[in-house]
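Please look through the model below with its ring side chains and its backbone in mind. The notes that follow take these in turn.

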Amino acid sequence: MPLARLHRTWLHRLAGLGVLAAAASATAAQNPDQLPAAPTSQPGVAAVAPLHDRPAGADVAASPSVTMFPHPGDSRYWISGQANIIFQGRLPFHSAYEGSNSFRNSAESKTSLVGTLFAGLRVNRSVRYDTDLILDFESAGGRGLSQALGLAGFTNLDVVRNPNLGSTPYLARYEIHQVVGFSDKTTNQDPGPFALATSVPERRVEFRVGKMTLPDFFDVNGPGSDSHLQFMNWTVDNNGAWDYAADTHGYTVGGMAEYDDRVSSVRYGIFAMPTVANGIDMDWALSRAHGQNGEFELRRGWIPSRKGVTRLLFYANRAHMGTYREAVQDFLNGSDTAIYGITAPDITKHEHFGALKYGFGYNAEQELTTNLRAFGRFGWNEGQHESFAYTEVDQTVELGADYFGARGHRPVDKIGLVFVSNAIKRDHQNYLHFGGGGFLLGDGNLNYGRENIVEAYYNWQAWRGLFYSLDVQHIDNPGYNRDRGPAWVGSVRAHVDF
């Protein structure tokens, strides 16, 4: 799965918007008529920065364009695109040893390129019964440092963990998006590649069926969800403990429903799981392999007269997964060595159909001043079954903030700072300690410590939809190993929306 919207990751957040992701929120002490409508899923490209991602009080007419070409406000068609290039370099760092899946300790540099073409058609333009058809194509090329191995919180969400897939374009999304309104009262909506209408019923249900990436709709966070204009780290832009259903590119097939009203939303979906960990092929027998995801969202701030959003997420995956404890026990008692001739635990020898992996996440964002926002996440999963689709994290804690450029002086520019701490459970630790390898980690040994990451960036709008960024990341205990690191990674990013 890509380390970006590939699993998201990465690639999933490529909504082609020239400003950072969507913070749709309501204040705690507002008149109900002033409360914002429920947000659409990840905002798409707009001619100006969406209202929810603009500094409070910004003049819409004076807002700079954030795409190369303006998009019509109320059209039957949508077509846009984006390209994201990230150059990353790593300095040498201390390492007592390395394994097959280690983050290499020598100096290294790599470049990734993701390009996406978004297309949409409004089949039915009725406000109460709007229908969109979505069709997106994508290419993910280049490489990640150490072939995107050795870190639970990898440094570039855009890279695909299987470099053998190459940069051949693929069909990223195909969706039917249906709105069913429950009220005649409407609210404005920023049109984008995933929702083309400019207004929607205030109370409604939205259905989506097809191929999609879950982070387009679940665990969205305004300051921390977009690897193209915000932070780049895998466990910053997504909840690292959320092992969401996806193939190697970060996409899956399934359906979801979402209910929206003035201040809250509820969404639920069921999706196909890969046949093997980090696999490109999906298991179409949903009776034995599927990922269920649900989320409740409340758009109400903790600070009076300031916007805020709180989200609670749960997931439950069933797939052909193994357990770390069983793999370690059968290695230590010699049975796996006698049968398979292996010299380290191998969880793939202990996989069972219908195995259950579950967890939950907490996601919050809060406006502090006109230009300053804070955000955070907490994630947990049961940690006994193997990390299967996203990354090797069993618990994560994240806290960060971003600052908009001063109004009237570079209003789209942003600076961000975040700290994230990832952890794994005891069974997972023992598996890595005795030399086991997951689809990401495996140093051959493990002196366990939490993987702590600090990331900072500055995003500069050069002209219209052209942006450049500088980014630096410090990783303490890479791959949860106190015998290695700390590591420093610097990045330069170029992004264009058209």
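**Rings, charges and backbone**

Lys349 is placed over the face of Tyr340, at 4.9 Å from the ring centre. A charge sits over a ring if NZ of Lys or CZ of Arg is within 6 Å of the ring centre and within 35 degrees of the ring normal. The model is a predicted one, in which local features need pLDDT of at least 70 and side-chain atom pairs count only at pLDDT 80 or more, while totals for chains, interfaces and linings use all residues. Residues are numbered from 1 along each chain as its sequence is written, and side-chain values use heavy atoms, with hydrogens and water left out.

Arg90 also has its charged end over a ring, that of Phe103, 4.7 Å from the centre. Phe103 has a ring partner as well: its centre and that of Phe154 are 6.5 Å apart and the planes are at 85 degrees, so the pair is edge-to-face. Rings of Phe, Tyr and Trp (its six-membered ring) pair if their centres lie within 6.5 Å; planes under 30 degrees apart count as stacked, over 60 as edge-to-face and the rest as tilted. Phe103 lies in the loop between β3 (77–90) and β4 (108–124), and Phe154 in the loop between β5 (131–142) and β6 (170–181), so that this pair links distant parts of the chain, 51 residues apart. Strands here are DSSP runs (E, at least two residues), as are helices (H or I, at least four), numbered from the N terminus. Both Phe103 and Phe154 are buried, where buried means under 20% relative accessible area, exposed over 50% and partly exposed in between (1.4 Å probe, protein chains only).

In total, the structure holds 18 aromatic pairs. Another of them joins Tyr244 and Tyr390, which count as tilted because their ring centres are 5.2 Å apart and their planes at 35 degrees. Tyr244 is in the loop between α1 (234–237) and β10 (252–260), and Tyr390 in the loop between β17 (372–381) and β18 (395–404), 146 residues apart. Tyr244 counts as buried, at 0% relative accessibility, and Tyr390 is buried at 0% too.

The backbone comes next. Most residues other than glycine have a negative phi, and most peptide bonds are trans. Gly485 and Pro486, however, are joined by a cis peptide bond, with omega about 5 degrees. Pro486 lies in the loop between β21 (466–476) and β22 (487–497). Ser146 has a positive phi, near 55 degrees, and Gln147 has one of about 55 degrees. Ser146 counts as buried at 7% relative accessibility, whereas Gln147 is partly exposed at 34%.
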